[in-house]
Amino acid sequence: MEQLRQKAFEIRKYILKSLTAAGSGHAGGSLGLADIFAVLYFHQLRHRPQQPDWPQRDRLVLSIGHVAPVLYATLALAGYFPTEELLQLRQFGSRLQGHPGREHGLPGIELSAGSLGQGLSVALGMALADKMDQNDRRTYCILGDGELQEGSVWEAIMAAAHHRCHNLCAVVDRNGLQIDGSTEAVMQLEPLAEKWRSFGWNTLEINGHHITEIKEAFAKAEMEKQKPTVLIAKTIMGKGVSTIENDYRWHGKAPSEQELPLFLNELKNSLGL
Amino acid sequence: MNEFQNKGDKASRTGFGEGVKLAATKHKQLVGLGVDITQSVGMHFFAEAFPERFLSLGIAEQNAIGVAAGLALSGKIPVFATYGVFAAHRAADQIRISLCYNNLHAIIGGAHAGISVGPDGATHQALEDIACMRVLPNMTVISPCDATQASLAVQQAVESLTGPVYIRFGREAVPDFTDEQQSFEIGKAQRLRAGKNLTIIATGHMVWEALQAAKMLEKSGIAAAVINMHTIKPLDEKACLQAARETGRIVTVEEHQITGGLGAAVAECCSSHAPVPILRLGINDSFGESGKPEELMQKHGLNSEGISAAITRWLNGELLP
Ligand SMILES: [Mg+2]
């Protein structure tokens with residue numbers, strides 16, 4: 001538990017550092033997902049950072065490619081590549097593209113993505129392949145809440161339930177915000193859990209910053225042998241830095257050189273570390 | 001000179017479907033994706049033979065392309081077919097990012113290409129699919145001339161390519177005239193007829209019509225060479241430039257808009273290295289409509305008579321597109 005909290009803190013630290021070095025990027029969503037990524041990569045996923053193409057590995061599809069900084073920071077801390085490389089985020093010639101791009105060779109990237117609404121379909125294709133091959137590994141997909149306004153996501157939701165892909169687990173980053181403001185003002189999503197449930201998914205609502213709750217939800221998802229599972233994870237955009245928290249203007253912003261030390265300090269204090 | 005015989009009319013969608021089944025017999029990792037119109041696009045041959053490898057995904061093309069990407073990332077070879085209008089346009093962004101940017105080996109079949117679809121009308125006649133697919137990095141675009149080559153094309157696409165592939169084919173039974181033994185190689189144009197005055201470069205159903213048009217032109221003393229450009233991307237540039245240099249004039253024929261398709265690809269290629277006059281025959285900036293296939297081909301000048309007449313007028317100095 002404490003160890004995972006510490007990992008989440010380090011993930012957040014590197015998100016801030018890499019974004020500041022880049023001078024642009026998406027701070028809010030990346031910080032908000034740090035606890036979920038800590039649980040996934042340091043507890044839940046079966047994976048081998050030294051052997052990224054291990055055929056038995058669980059796979060994670062990041063549908064919201066714009067929160068690449070949380071994925072990159074986590075992968076580096078897990079040992080896929082040196083943490084120093086995080087400072088090359090978004091630079092010319094870097095393996096750390098603004099949105100994940102496989103062709104640039106960063107280990108641990110399962111899919112080049114960034115156009116919203118596509119990731120769940122790809123994750124479903126992976127889960128279907130594993131079912132055909134009777135491979136018991138699992139596929140995870142990280143979705144944004146605003147992203148759920150894309151119709152194609154619901155095509156995938158319908159198809160995953162139809163094909164009983166219990167080996168598929170989606171996580172919705174329910175921070176309630178998108179670029180133009182609150183999701184409910186831009187395009188209402190509620191009642192969100194009811195929607196997923198009525199589409200045939202095992203639907204769990206959790207606090208996306210509570211390490212134990214996250215761990216337990218993933219464990220419950222694995223127990224389900226019929227339906228795909230979705231964790232609707234309530235999160236705070238920008239979690240850990242009060243200046244950023246819940247401010248939709250920080251969706252697509254990076255801290256400045258001046259802000260960085262203050263933010264790192266806030267981070268330490270807010271997490272009691 | 002090679003004379004081509006019609007072995008009997010056959011729809012290229014049937015050829016495509018038979019080719020998928022043949023490829024699947026050899027390649028256990030081939031998976032078929034269905035979006036409701038399975039029989040109409042020729043996928044039923046595969047679906048009936050290999051039900052355990054056929055995934056029904058409903059009328060949801062965008063999801064189907066994403067699923068294809070996920071399957072390809074898991075070592076499968078997905079084959080997805082629907083009408084070209086939906087395949088190339090409805091799921092365009094998924095094709096661009098999930099398939100092409102990830103450079104995944106997946107086959108997209110675009111059925112009901114061109115106006116020869118007939119009575120269904122404009123909504124179901126794919127006339128811009130080549131244009132939209134050929135601008136995508138990593139994508140291969142194939143437009144086979146008959147059922148025999150549609151089968152060979154999909155088998156070869158499964159066997160020897162490694163990236164995304166778009167194969168378009170027609171609805172109607174049309175002359176099936178190529179020889180199974182005749183070497184068909186993706187990316188390599190076939191010169192079906194020699195001639196010194198001009199070269200007709202045709203694709204899809206238009207290859208047969210071009211051969212007939214060349215015979216008509218011969219009677220008025222015009223020797224037209226005919227090239228079957230079954231692969232539009234990567235374009236066989238050598239064949240285009242050779243045609244330009246040897247015959248000095250090129251006519252392109254396609255069941256597609258004259259902007260963005262085969263004619264545009266040939267013109268782009270020749271303009272850099274062998275600029276010669278090029279006449280582009282096809283659909284000129286309009287939608288299709290209902291009618292019998294032959295009525296529509298007649299209206300747009302896409303039968304042998306129309307092609308030979310347009311070429312004659314062009315050679316007489318008339319301003320055509
Ligand atoms: Mg959001």
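This is a predicted model: local features need pLDDT of at least 70, side-chain atom pairs count only at pLDDT 80 or more; totals for chains, interfaces and linings use all residues.
Reader: Why is Gln125(B) called buried?

Author: The relative accessibility of Gln125(B) is 2%. Buried means under 20%, so Gln125(B) counts as buried. The residue is found in the loop between strand 5 (107-111) and helix 6 (129-134) of chain B.

Reader: What makes the approach of the Gln125(B) side chain to Glu289(B) a polar contact?

Author: The side chain of Gln125(B) reaches the backbone oxygen of Glu289(B) at 3.1 Å.

Reader: Which residues coordinate the magnesium ion, and what makes them donors?

Author: Asp145(A) (OD), Asn175(A) (OD1) and Leu177(A) (O) coordinate the ion at 2.2 to 2.3 Å. Donor atoms must lie within 2.8 Å of this metal, so the three residues qualify. Their spacing in sequence is D-x29-N-x1-L.

Reader: Are Asn175(A) and Leu177(A) buried or exposed?

Author: Asn175(A) has a relative accessible area of 10%, and Leu177(A) has a relative accessibility of 12%. The limit for buried is under 20%, so both residues are buried.

Reader: Why are strand 9 and strand 14 of chain B said to stand at the edges?

Author: They belong to an open sheet of five strands with the order 9-11-10-13-14 and mixed pairing. Strand 9 (190-193) and strand 14 (278-283) each have a single partner strand, so one side of each is left without a neighbour in the sheet. From one strand to the next, the twist averages 25°.

Reader: How do you know that strand 10 and strand 11 of chain B pair?

Author: Pairing requires at least two bridges. Strand 10 (residues 198-202) and strand 11 (residues 224-228) of chain B are joined by five bridges and run parallel, so they pair. Ile200(B), for instance, has Val226(B) as its bridge partner in strand 11.

Reader: What makes strand 2 and strand 4 of chain B a pair?

Author: Four bridges join strand 2 (residues 30-34) to strand 4 (residues 77-83) in chain B. The requirement is at least two, so these parallel strands pair. Leu33(B) stands opposite Phe80(B) in strand 4. Helix 3 (residues 61-72) of chain B lies across strand 2, strand 3, strand 4 and strand 5, running at about 165° to strand 4.

Conventions: Residues are numbered from 1 along each chain as its sequence is written. Chains are lettered from A and ligands numbered from 1 in the order in which they are written. Side-chain values use heavy atoms; hydrogens and water are left out. Helices (H or I, at least four residues) and strands (E, at least two) are DSSP runs, numbered from the N terminus. Buried means under 20% relative accessible area, exposed over 50%, partly exposed in between (1.4 Å probe, protein chains only). A polar contact is a pair of N or O atoms within 3.5 Å; within protein, one must be able to donate a hydrogen and the other to accept it, and residues adjacent in sequence count only if both atoms are side-chain atoms. Donors are N, O and S atoms within 2.8 Å of the metal (3.2 Å for Na, K and Ca); water is not among the atoms, so sites may look incomplete. Axes are lines fitted to C-alpha atoms, for helices over the stretch in contact, and angles run from 0 to 180 degrees between N-to-C directions. Contact means heavy atoms within 4.5 Å.
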